[in-house]
Amino acid sequence: MSNEKMTILIDGVAVEATEGQTILQAAADAGIYIPRLCNHKDLLPGGHCRICTVKINGRPGSSCTFPVADGLVIENDTDELNAMRRAIVEMLFVEGNHYCPSCEASGNCELQALGYRLGMINPEYPYQEPKNEIDATHDDVYIDRDRCVLCGRCARASVQLDGKRVFGFDGRGLGTRIAVNSPDGLGGTNLSVDDRAATICPTGCLRVKGQGPDIPVGQRAYDSTPIGSDIERKQTVKQAT
Amino acid sequence: MAVEQQRDIISQVAEEFGRSPARLLDVARGVHARLGHLSEESIGFIAEALGLERVRVRDTISFYHFFARQPRGRSTVYLCNAVVERMKGADAVAKAFEEATGVKMGETTPDNAISLAYTACIGLSDQAPSALVNGIPLTNLTPADVPMIVETLRKGEDVSSLPQAKVKKNLLKRGDIVFGAMDPGAAIRKALALSPVELINEMSVSRLRGRGGAGFPTSMKWSFCRTAKGEAHYVVCNADEGEPGTFKDRVILTECPDLLFEGMTVAGYAIGAKKGFLYLRAEYEYMLARLETVLARRRDAGLLGTNILGKGFDFDIRIQVGGGAYVCGEESALIESLEGKRGAPRDRPPFPVQKGYRNQPTSVNNVETLCCAARIVEKGGAWFSAFGYEDSKGTKALSISGDCERPGVYEVEYGMTLQDMLDMVGARNVQAIQFGGPSGQCIAPDGFGRRLDFDDLATGGSVIIFGEDRDLLEYMRQFTEFFTEESCGWCAPCRVGTTLLLKGLEKILEGSGTKSDLEALKKLGATVKAMSRCGLGQTAANPILTTMENFPGLYEARLSKDEFIPSFDLAKALEEGCAVTGRNPDLEEKHA
């Protein structure tokens, strides 16, 4: 792949990008945070959550999958897009059964952190209250599907990083659930607690057993600075004011 | 059945398809046909036979509507519950089936003779109510027909000899392009005398645009595909017409399959493909045998296969039958399905013309587009572009159904007004036209002067007419429900948003919606439209949004005067807890 340099405009700021990058990557390199949930830097994009949607030359598109091209004009941090991103986060909250106060992932949860960053107070939509199964058949890892956002990270990580295929999907539409490669549950698969797939979940769905909320409140990942701050600290371009 | 016997059957089926993982959909169909459903054991054996992980098999088969996961009766009645079917009395037919069998829709009779199920549009809205019974279409059903059908199934007899097992062609207007007279081989002879670039130029002269509804210029698609680098190029014909109310491909596939296959062959020559696929929706499997016969005849005539017409051009076509999923009509989802996976659309770019089937350049074209292409090669681009209107050249095959005297397929020139369309089919006192199916728009009488035109009213061809007495919003609710059932689930805004749209609309229809609910529903619709990954989600709010725009009075009439009514139902939320504790709370209790 060539390393041809190009320039894209994000919210009016010129950002240097390299051929082969996605819009999301180029923005991150320049210290511009585009909110995202299913995306993970070590994985190929999945395009599930659509929270990273930006306007590309005026049309909505997912920045995690869209390759940069010279001269693209991107809108990212706009009221309209942030409201729609917040709407998606709210949808994910009402789709599952997310009980933040008692969740071990609280404070380190990317879904919760996005809710805070995007200004979610309380979901406007009716809760769906689905009935889900917990899979505790594995010695070291369990699945609590109540907290699954179907981001597909575990499935991608298992294939792309661990060289296995422990996870997949079952069903379609609102009935879609994360599935495992065994009729006997997660315990019947070759998942190891050391696999990247075991700890790549952005929420509290896929958890290592025996780990309570051992980091005190106040010291967790998103307690003092919002999600995306790590990217914004790298900022190399001056934001338009 | 003994487990070993199951394993042998599955192994045989897998062998028929060369144990190729890419043929998973075919293997699953074959196993389903032999064993009646796809059990957990079957999933394991299929995985073993194809060398796939079982989760990968499950991922695919759990996606498709026609794969049962639990044992079913020896016969399955799939009664169509699409909007037009229900307008024409499908509910009464369903009731008759329930009475005649003694079980509810979704259940199986205790003697395992018959299962009853609903299915979305099966391409027979012009002869509704209709059903697929063991894959065989039954049409123009009335409740009085049902006892005889059930009796036939109980006796284990074939329904294809029943009088209802008849699909009328209903081709009520032939144009010169799609349904004109045809001389097999004429287009191929002309094509092979041209260079591929000259052929694409002819497409450019014709100004042909994609008939699926998007209207992308065919010459550009073929040109991009031809110049894209790849180890192989592919032609894919999208015969997965699933838009409720559309059935024109049914008629094309019956009436002029030669023209279609000729179009695919010409496309193959233009883009440099040796292989083409016809993706046939599962609902049309009853046409498969005849289509295979046509392909065989064309091979015998030297119009398909190696060294076509002795000119050194090789091209052949395989028919892939789907598994029941509306979203597979989206071209990238169709490609995924063709590769033996769940039909989840891909993100674009890259486009299929760059990376399509097996990541190779692929041109996916609508059935009707390919028919037009064959005709253009035969008669010339200039001949074609003399038909039509402004930037919409040629003709369009429309599937017209609903409240009109003569439902059927009409091939008309672009530029026709909606009012002329209504007069043509004998529709009077019309309240609304659902143009382009649920993913299109719902148009009020003040818009009946608008024209069939890519740049104003683009359509894949579904036209549903609602008479003045119809409860229009109830049908919009059914359309919205359709999208919730067909959302693939891959992306969040469509997966969750479609259901929230349905709930929001239902709240208003129940009379417990307020002005703020209406505003919220509009906002939600805009979010689902902007943020969804593919055309399904991007259009799923259209029934709601276009009726809000064109029929605001219908909504206002349903609104409550209250400022706010919660969607939260306290009694329902406490139901489970009450059952467990055996106590009933006083819901009216005053707070201290």
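Buried means under 20% relative accessible area. Arg29(B) has 19%, so Arg29(B) counts as buried. The model is predicted.

**Sheet in chain B**
- Five strands make an open, mixed sheet in the order S8-S9-S7-S6-S10.
- Strands S8 (305-308) and S10 (362-366) are the edges, and each pairs on one side only.
- Neighbouring strands are turned by 25° against each other on average, direction ignored.
- S6 (residues 234-239) and S7 (residues 275-280) run parallel, paired over six bridges.
- Val236(B) sits opposite Phe277(B) of S7(B).
- Helix H2 (residues 24-35) lies across S7 and S9 (313-321), at about 45° to S9(B).

**Salt bridges**
- The whole structure holds 60 salt bridges over all chains.
- Glu285(B) pairs with Arg29(B), with the closest N and O atoms 2.7 Å apart.
- Glu285(B) is in the loop between S7 and helix H13 (288-300), and Arg29(B) is in helix H2, so this pair ties together parts 256 residues apart in sequence.
- Glu285(B) is partly exposed at 37%.
- Asp144(A) and Arg147(A) meet at 2.9 Å, N to O. Asp144(A) is buried at 2%, and Arg147(A) is buried at 5%.
- Glu339(B) bridges to Lys341(B) at 2.8 Å. Glu339(B) is buried at 10%, whereas Lys341(B) is partly exposed at 29%.
- Shared partners join Asp170(A), Glu40(B), Arg54(B), Arg58(B) and Arg69(B) into one salt-bridge network.

**Nonpolar patch**
- Phe568(B), Leu570(B), Leu574(B) and Leu587(B) form a nonpolar surface patch of about 360 Å².
- Leu587(B) lies in the segment after helix H24 (570-581) of chain B. Leu587(B) is partly exposed at 40% relative accessibility.

How values were computed. Residues numbered from 1 in each chain as written. Chains lettered and ligands numbered in written order. Predicted model: local features only at pLDDT ≥ 70, side-chain atom pairs only at ≥ 80, totals over all residues. Heavy atoms only, no water. Patch = residues over 30% accessible without salt bridge, like charges linked within 9 Å, V, L, I, M, F, W, Y side chains within 5 Å. Areas by Shrake-Rupley, 256 points an atom, 1.4 Å probe, with all protein chains shown as cover. Salt bridge = Lys/Arg side-chain N within 4 Å of Asp/Glu carboxyl O. Helix = DSSP H or I, 4+ residues; strand = E, 2+ residues; numbered from the N terminus. Buried < 20%, exposed > 50% of the residue type's maximum accessible area, 1.4 Å probe, protein only. Pairing = 2+ DSSP bridges. Axes fitted to C-alpha atoms, helices over the stretch in contact; angles between N-to-C directions. Contact = heavy atoms within 4.5 Å.
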